[in-house]
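Open it up, turn it about, and follow along as we go from one part to the next.

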Amino acid sequence: MDAGTDIRLMYFPGFAINSLEEKEVKKKNEAFKLNVFNMDYTGELPVKCPNCGEKLIGHGKRPVLIVDTPLKAEPARLNMNMPRRRCLKCNYLWTPEVQEIDNNHLITKRAFADITQKAIKQPFIDVAKEYGISVNTVKNTFIDFLNEKKSTLRFTTPAFLGIDEIKIPKLGEVTVITDLEHRTLYDMIEGRNQELLRKYFDELPNPENVLWVCSDMYRPFEKPIHIDLPRARWVVDHYHVVAYANKAMDSVRIHVQNQLSKEKRIKTKKGLAYTLRTRLKRLSTEEQLLIRECRKNPVTNPIAVAFDLKEEFFDIYDEHKNSKADAQEAFAEWEKKIPEDKSFDGFQKLVGTVHNFYEQIFNLWECPIYITNGFTECTNRLIRENSVKGRGTSFDILRGRTLYRKANLEKIEANGMMYIGPHIPQKGSIFHYEETKDIRDDYTEDESLFFNSYDYDPFIGLRPGIDYDPETGEILQEFEDKEEVEW
Ligand SMILES: [Zn+2]
């Protein structure tokens with residue numbers, strides 16, 4: 001018996017190996033050698049029935065063939081001869097319980113762990129060959145593994161953590177946690193509130209890993225970040241901040257448009273809302289002229305003023321990338337320019353918001369990497385697609401499909417951010433793994449090293465779920481000027 005065999009025995013106390021057989025297995029397209037360890041039970045046999053105390057009597061033996069880890073790179077099986085004892089009074093049947101065997105799969109737990117680890121990275125067929133099992137068995141094993149994964153598969157806690165949210169029909173709010181440095185999805189939490197996040201961070205392994213957190217301006221995040229992530233600094237995602245400038249501008253636009261008769265309302269090809277949200281440099285000559293015209297007329301002038309304020313607000317970011325002090329000064333100058341008029345209240349609210357989150361907003365300038373949840377928008381699109389595809393699915397299914405999709409796992413793996421945790425069998429909610437190859441996973445990489453509001457999607461933060469074509473900017477679902485601007 002070689003060392004490998006001794007180790008094998010250590011896993012199965014109460015069993016002895018009485019022989020090692022080498023069998024030739026021939027299947028349709030392949031032939032391989034199978035190492036079969038014939039094992040006998042040498043442990044104790046119970047005398048009394050645990051149910052009724054009656055004497056147990058021998059009930060023969062049942063051989064069970066168990067898949068184990070390969071022996072010298074060749075498939076191996078344990079042929080375990082299981083004694084059985086029966087109670088004649090209550091029909092209780094005793095057979096040895098072997099801790100190291102996963103009875104649902106007739107596989108040793110270490111083989112299960114090895115197969116599933118390999119199945120993350122290798123084609124199922126390679127794993128199947130190594131173990132002398134079918135591709136389907138590998139696949140099913142992997143599915144079961146995914147079911148357990150919630151408690152076992154760990155991703156290294158990221159240094160740059162993104163928190164975003166998405167609303168899913170029927171499921172409600174979902175908190176999306178991302179690794180912003182490696183642009184991977186880290187996790188998803190059902191719901192969004194302080195309590196949930198505190199619980200989540202509390203259970204996060206190595207919370208000290210997190211150095212920066214990027215999120216929107218949601219004050220309840222403050223406690224979880226500061227208390228549970230001891231080294232983290234909070235940055236408010238600048239996309240969310242500039243989105244407020246757009247909203248403030250929308251209020252002015254709506255206010256002015258409502259003063260005009262239907263015929264006199266200002267119209268542009270893409271809609272005035274879209275035109276105004278476009279950055280100045282990207283406007284057509286026609287659109288620029290239109291804003292100039294607005295400026296001349298006292299009634300429409302606020303639209304031009306609001307447009308300027310929006311542009312200048314974006315420029316606080318774009319024109320002062322290298323100096324936090326300059327950016328802060330630019331903001332101080334900017335807030336002085338807001339007209340007193342009530343229709344500009346949205347901008348005053350923005351001023352209040354910036355002062356409320358002053359530290360977090362200007363932390364951006366100190367963060368060593370370009371930190372933004374912009375990438376999360378792509379993830380959110382994927383989550384939405386998954387949600388639409390599996391209509392009425394549970395949160396866990398949605399999470400599994402998104403988090404464990406190949407591209408995400410591969411990226412996490414490639415960045416060395418994945419490890420398989422200890423085997424902790426856990427009962428509870430499960431999710432199913434499905435092939436997701438038809439789901440688009442090709443979000444574009446943003447190579448810019450610093451934030452750039454020109455890449456800003458003018459409709460982020462407008463209204464959750466507004467339907468528009470990101471290619472053309474065409475609004476598929478008209479939004480009315482009369483509509484209330486949400487804050
Ligand atoms: Zn009994």
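## Two helices side by side

Which residues in H10 meet which residues in H11? From H10 come Glu 312, Phe 313 and Ile 316, and they meet Ala 327, Ala 330, Phe 331 and Trp 334 in H11. (Being in contact means that the C-beta atoms, placed from the backbone, lie within 7 Å.) Sorted by class, this contact has six nonpolar residues, no polar ones and one charged. Here Ala, Val, Leu, Ile, Met, Phe, Trp, Tyr, Cys and Pro count as nonpolar, Asp, Glu, Lys and Arg as charged, and the others, Gly among them, as polar.

Helix H10 covers residues 301–318 and helix H11 covers 324–336; their axes come within 9 Å and cross at roughly 165 degrees. That makes H10 roughly antiparallel to H11. The cut-offs go like this: under 35 degrees is roughly parallel, over 145 roughly antiparallel, 65 to 115 roughly perpendicular, and the rest oblique. Axes are lines fitted to C-alpha atoms, for helices over the stretch in contact, with angles from 0 to 180 degrees between N-to-C directions. Helices (H or I, at least four residues) and strands (E, at least two) are DSSP runs, numbered from the N terminus.

Residues are numbered from 1 along each chain as its sequence is written. As for pLDDT, that's the predictor's confidence in each residue, from 0 to 100.

The protein chain has a mean pLDDT of 80, and 79% of its residues reach 70 or more. Helix H1 (residues 3–10) has the lowest confidence, with a mean of 61, and H11 has the highest, at 97. Over residues 422–456 the pLDDT is below 50, and that stretch has 55 contacts in the model beyond near neighbours in sequence. Where pLDDT is low, the predicted coordinates should not be read in detail.

On the H9 side, the contact is made by Ile 291, Cys 294 and Arg 295; on the H10 side, by Asn 301, Ile 303, Ala 304 and Phe 307.

Now look at helix H7 (residues 238–259) and helix H12 (residues 345–356), which pack at about 160 degrees with their axes 8 Å apart. That makes H7 roughly antiparallel to H12. By class, their contact has five nonpolar, three polar and two charged residues.

## The strands

There's an open sheet of five strands with mixed pairing, in the order E11-E10-E9-E12-E13. E12 (residues 212–215) and E13 run parallel, joined by four bridges, and Val 213 stands opposite Trp 234 in E13. (Strands pair if DSSP finds at least two bridges between them.)

Elsewhere, strand E3 (residues 56–71) and strand E4 (residues 74–87) pair in the antiparallel sense over twelve bridges. Ile 66 stands opposite Leu 78 in E4. Their hairpin has two residues between the strands, and Lys 72 takes a positive phi near 50 degrees.

Notes. Predicted model: local features only at pLDDT ≥ 70, side-chain atom pairs only at ≥ 80, totals over all residues.
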